Each structure stands twice: as C-alpha cells, then as structure tokens.
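Have the sequence and the model open as you read.

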Amino acid sequence: MSFGGLFRLFPLLLLCCTLLCAGCGYRFAGTAGNTLATGQSIWVAFIVNETVSPTAQTVIRRALYEESHTMRGLSPADKEAAADLRVRGKLASYTLKAVSYSAADQVKEYRLTISVDLELHKKGGTAPVWKGTVQASQDFPASTDLALQHNAEEAALKAASRTLADRFLVAVEQAY
C-alpha cells in the first residue's frame, strides 16, 4: 500500500477508535460535578472509633483537614451548618502486624493499617455524594524501648492518615 493510501486510511481508523471508546463508557474523571473546588469550606465530623486506639480518630480527622487544604485548597468551616462539604466517618479497623524478623526471631518491623468508612455530603444534600471505605498502611521499626516504640507507632499513624486522606480526596474526584 502506498503512502497516499495509508494517509486516507488514517482518518477512518481514528473514527473507529473514537467510536469504540465512546461505546465502552470511557470518560474523563474529575468533571465539574465531582471536582472539589478551591475556596469551598469543609467540616470533618468527629470520627467514630470502633478500635482500641485512643488517638487514631483525632489524627485521621486532622489529616483530612490538612490534606483537604493542602491538596485542594479547601478551608475548614467554623461549624457544620456553614460548611459546603461535610465528611463523616467511622474508624473500622486499626491493626498492627509484624512484617519482618531478625535472625534471632525478634520483630524488626511492624505494619500499621487503618481502615475508615467515609461519606461526603454537599451542603443541603441528604444523600452522600461519595461513600466508601479507604485504607492505608505504614511500616515502622520495632524497638525494645517502649517510648521509642510508641513514638514510631504515632509517626506511622500520622503518615498512614495523610495517605488515607489523599486517597479519599482522589476517590471522591474519580467517582462517576
């Protein structure tokens, strides 16, 4: 086939690919209807804690506020009634699991995993705009010193909470 024949065939192939993709339901995520707009206010309600961790719900709530502001330009609302967006959640699980051991069979590293059921509501709406479970984990070193062990676990909780908050924001914007 000559170059001229290929040149005429290209628009036909392009049209076929376009129609094929359009028929499969593909579309761009982050449309105006589900994008979190800069300047909106957000309220994160107290997260219900169904775990043994006494501080995890507070750390996660703070991470949701910080990541919403840092990543999307949302500002914290003074009260729930004034918020453009409202987040509600339940800390469903908080687990620690040993992930590596030394040659003497001592724990070298733990993995902290948190799982939170979250809902996002828009002002004036009763049905959630987004609802789902978000999970994040973070590894941290083991220590025989209890104070160092506690500090490492708290740092891992903060890191996992930031990851969880970021995943939540991405999931909201990618929901279709």
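The report below goes from the overall fold to a few individual residues.

## Ground rules

This is a predicted model, so local features need pLDDT of at least 70 and side-chain atom pairs count only at pLDDT 80 or more, while totals for chains, interfaces and linings use all residues. Residues are numbered from 1 along each chain as its sequence is written, and side-chain values use heavy atoms, with hydrogens and water left out.

## The overall layout

The protein has three helices and six strands. Here helices (H or I, at least four residues) and strands (E, at least two) are DSSP runs, numbered from the N terminus. Read from that end, the order of elements is α-β-β-α-β-β-β-β-α.

Of the 176 residues, 32% count as buried. Buried means under 20% relative accessible area, exposed means over 50%, and partly exposed is in between (1.4 Å probe, protein chains only). As for contacts (heavy atoms within 4.5 Å), take those with a separation of 6 or more: 66% of them join residues 24 or more positions apart.

## Helix α2

Helix α2 covers residues 56-72, and its 17 residues should span 24 Å at 1.5 Å a residue; the end C-alpha atoms are 23 Å apart, which agrees.

Which residues of α2 are buried? They are Ala56, Gln57, Val59, Ile60, Ala63, Leu64, Tyr65, Glu67, Ser68 and Arg72. As a reminder, an α-helix has 3.6 residues a turn, so residues three or four places apart point the same way. The buried residues of α2 pack against β1 (41-44), β2 (48-49), β3 (75-76), β4 (85-101), β5 (107-122) and α3 (146-174).

Two arginines are worth a look. Arg61 lies over the face of Trp43, 5.6 Å from the ring centre; to count, NZ of Lys or CZ of Arg must be within 6 Å of the ring centre and within 35 degrees of the ring normal. The side chain of Arg72 makes a polar contact with the side chain of Glu173 (3.2 Å). A polar contact is a pair of N or O atoms within 3.5 Å; within protein, one must be able to donate a hydrogen and the other to accept it, and residues adjacent in sequence count only if both atoms are side-chain atoms. Glu173 belongs to helix α3 and counts as buried, at 14% relative accessibility.

## The nonpolar core

The largest nonpolar core has 37 residues, and Leu64, Ile114, Leu118 and Phe168 have the most contacts inside it. Such a core is a set of buried Ala, Val, Leu, Ile, Met, Phe, Trp, Tyr and Cys residues joined through side-chain atoms within 4.5 Å. At least two core residues come from each of β1, α2, β4, β5, β6 (130-141) and α3, and the largest share, nine residues, is from α3. Leaving out residues up to four places away in sequence, Leu118 touches Leu64, Val87, Arg88, Gly89, Trp130, Lys131, Gly132, Val134, Leu164 and Phe168.

The model holds two aromatic pairs. Rings of Phe, Tyr and Trp (its six-membered ring) pair if their centres lie within 6.5 Å; planes under 30 degrees apart are stacked, over 60 edge-to-face, and the rest tilted. Trp130 and Phe168 make an edge-to-face pair, at 5.4 Å centre to centre with 75 degrees between the planes. That pair links strand β6 to helix α3 across 38 residues. Trp130 is buried at 12% relative accessibility, and Phe168 is buried at 1%.

Gly89 sits in strand β4 and is buried, with a relative accessible area of 13%. Beyond its neighbours within four places in sequence, Gly89 contacts Phe46, Ile47, Val48, Asp117 and Leu118.

Thr51 is in the loop between β2 and α2, and is buried at 19%. The side chain of Thr51 makes a polar contact with the side chain of Asn49 (2.5 Å), and a polar atom of the Thr51 side chain lies 3.3 Å from the backbone nitrogen of Ser53.

Asp105, in the loop between β4 and β5, counts as exposed at 60% relative accessibility. Phi of Asp105 is near 65 degrees, a positive value in a residue other than glycine. Most residues other than glycine have a negative phi.

How values were computed. The expected span of a helix is 1.5 Å times one less than its number of residues.
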